[in-house]
Amino acid sequence: MFEVLKKGLETSIQDYPGRVGYLNQGFPPSGPMDSWSFRLANLLVGNDPNEGALECQFMGPSLKFETEHVIAICGADMQPKIDGQSVPIWESILIKSGQTLELNFCLSGARSYIAFSGGIDIKTWMGSKSTFHKAGVGGIDGHAIQEGQKITLGKSDGLVGKKIKSDAIPEMSKTGVWEIEVVRGPNDDWLDIEGYKTFLQAEWKLQARSDRTGFRLDGPTLTFNEKATNKSPEHGYEPSNIIDQGYPVGGINLAGQTPIILVNDGPSMGGFIVPYTVPSASFWKLGQAKPSEKFKFKEISVEESQEMRSSQTMLCSRESII
Amino acid sequence: MVQKYKTSDINLFSKINLEDKNYLTKKSELKPFLKKPKSSYKNQDTNKFEQLEGSLVNNDFKKEENLFFSQNNIDDCSSFKKMFPHNYKISKSGIKKPSIKRHVNPDGSYPKNDIEKHIDKVQNIFQGEYEKPKFLPGGDKYLLVEFGNIMNLELNFKAQGLAKAIEIAKIKGVYETLPCFASMIVHYNPDEIQFNDLKIELAQLVKDLKSSEDTVVESRLFRFPTVYLDKWTKEAVNDYTSKIAFKKPDPEFIVELNNLDNVDHFVRIHSGTEYWVASLGFWPGLPFTMPLDPRCKLTAPKYNPPRTWTPKGTVGMGGSSTAIYPDKLPGGYQIFGRTPVPIWDPERRFQVFKDSICLFRPGDRIKFDPCGYEEFESIEKKVEEGTYQFDLMENHKFSIKEYKKWLSKLDYNKKF
């Protein structure tokens, strides 16, 4: 068990892959933004990779432990310390009863994951422990963790000093520019040739008004095909308007002229076109990007995106733990 | 079909104009009730009402000889009349106004889908379906099936039908589906099924779908007291125009775009039809709906850029779809009304949320009843106390065939 001394910036319980099967009632899957680091953290402490863990965003929490536990921190470097002593990330460590784990601002990356051997002991909601903070459901009472809260953990039987093979660790961008793979579609013929070209050539800046529901991007104006301007009125007359449709998670929604990448807690449906979709294997990069950093998009095929997914799944296995 | 009425339906009943002959064929049966003031209705009176209503409904349905949805005529709601007086006069100029403003292309030509043409109106409503559905990728594990590029009931039946067919066929690797107006999303596991194989499987299921013509579905009817042109949505719009982008106030904008007389005219049209819940999405419990009366079909673009907040319970529209915001949320629809009735309830405080924390199911219908602030506040208080009774009629059936029949009988020149 641990007590939350400082809550950090919207630190929440997530599990992988989150809530599946409730899209048609309007529930997004939630789950960790960077599921690669998340799964590795769980594997380090001997858990199933899907087990519930904490997602820390930009500014981590301080947690006081009441029982001895094996934990691991993966993802962004939030300068973790136990009782003031720096501890490594990407490695399983021991925290003793009475000790305090303190995370700070992120140096590299944006989201850090704390996994606890034995997992987090909370009730599932709609089959998942994931928190959907904005809607107030899942996790603990539907919200990010709060100061003074005591959170119960499962029985710790993990081993200390476990590490990850170096080629299985995701590499954070050092330049502040991220190359993000995208698959064209579902609305693959709404922009004109110039429009799709501009989208791929431009550098898009991540706006500060971005969170687990959507990543808003600043960049050039996109141009449209005749299809977007010559359509039945129930679409809405703006070129980016379409008869409301389901959105894929990762869909890049063109709202007017603002592309919004719909991420884990994003809307499942709406009336804007989705010219490109970020495949699941590239999501970790979104999760680790900070506002004002830049995105460059690279188009790949459906098959390539599925291969990327398989190889990432391979990396998120016990094989990667040494 | 006999409609069973509950205590809560008395409120609704009291709204019916008792002088209206369409409603009351046997006036003598009503006498005992007419004398009593409305407030004296107690539970024991409910039975009498049930009998009375039962016989009326029976007669009605015998005439129609079939079950169908029984949308009230816009003229039947007395409360509505009081708030937004009807105006049957044809506009002074005598020029017929098109129901929807046309989009003019850059080269001066008009869009192909010409709403203004009155020839074969009903036929027109059912156009826009593709010969073959399109299968479009959404990243590595989503697929969008698009049936057409128009909003109509048939396409929505098709999307819902395919969702059901997928569920029954249990295609390996398909996690879930998300049907909407004219399309549906399929969420699948690429480790178990390839994109191309999934396309083939789905194409086969679409081919085997029964014609929606013969479909009859359960359809509940919810009535939502709604303050139109309310202060809360006005505040949200003002906040947007002062901080994000300038725009005309939403109701006035819709009036201009659809060539309506004024905002009251807009309210009469918007509240003059039942809305079909085509899908839930965007946010837990949020219904995407379309007007069942084609004469009430309006159009509006979505915000550019979207709004950062919308009051809880806001009623808004984008394209020709109407939605209720279940919570304080960002959004892109034009907004113009607010209802105090909750449409999702994670704590399940009300009986209607027993099976699901979301109120609606696809296939439900919604009627917005214009109300004043006083009624809004009284309902809001009841919701807070947990004593609010949802205005809901169950066991209604809805058939496309009957709906089409109804469409063919409509007076398309009627002015709302």
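This is a predicted model: local features need pLDDT of at least 70, side-chain atom pairs count only at pLDDT 80 or more; totals for chains, interfaces and linings use all residues.
Residues are numbered from 1 along each chain as its sequence is written, with chains lettered from A and ligands numbered from 1 in the order in which they are written.

So, chain A. We've got domain 1 (2–168) and domain 2 (177–303), with bounds from an automatic or database domain assignment. Their centres, taken over C-alpha atoms, are 29 Å apart. Across the boundary, 19 residues of domain 1 are in contact with 15 of domain 2; contact means C-beta atoms, placed from the backbone, within 7 Å.

Now the chains. Chain A puts 53 residues into the contact and chain B puts in 58. On the chain A side, strand S15 (241–246), strand S16 (251–255), strand S18 (269–277) and helix H5 (302–315) each supply at least two residues. Those are DSSP runs numbered from the N terminus: helices are H or I, at least four residues, and strands are E, at least two.

Last, the core. The largest nonpolar core has 161 residues, and A:Ala41, A:Ile71, A:Ile114 and A:Ala115 have the most contacts inside it. That's a set of buried Ala, Val, Leu, Ile, Met, Phe, Trp, Tyr and Cys residues joined through C-beta atoms within 7 Å, buried being 20 or more other C-beta atoms within 10 Å of a residue's own, placed from the backbone. Leaving aside neighbours within four places in sequence, A:Ile114 touches residues including A:Ala41 and A:Ile71.

Note on methods: A residue is buried if 20 or more other C-beta atoms lie within 10 Å of its own, exposed if 12 or fewer, and partly exposed in between; C-beta atoms are placed from the backbone. Two residues are in contact if their C-beta atoms, placed from the backbone, lie within 7 Å.
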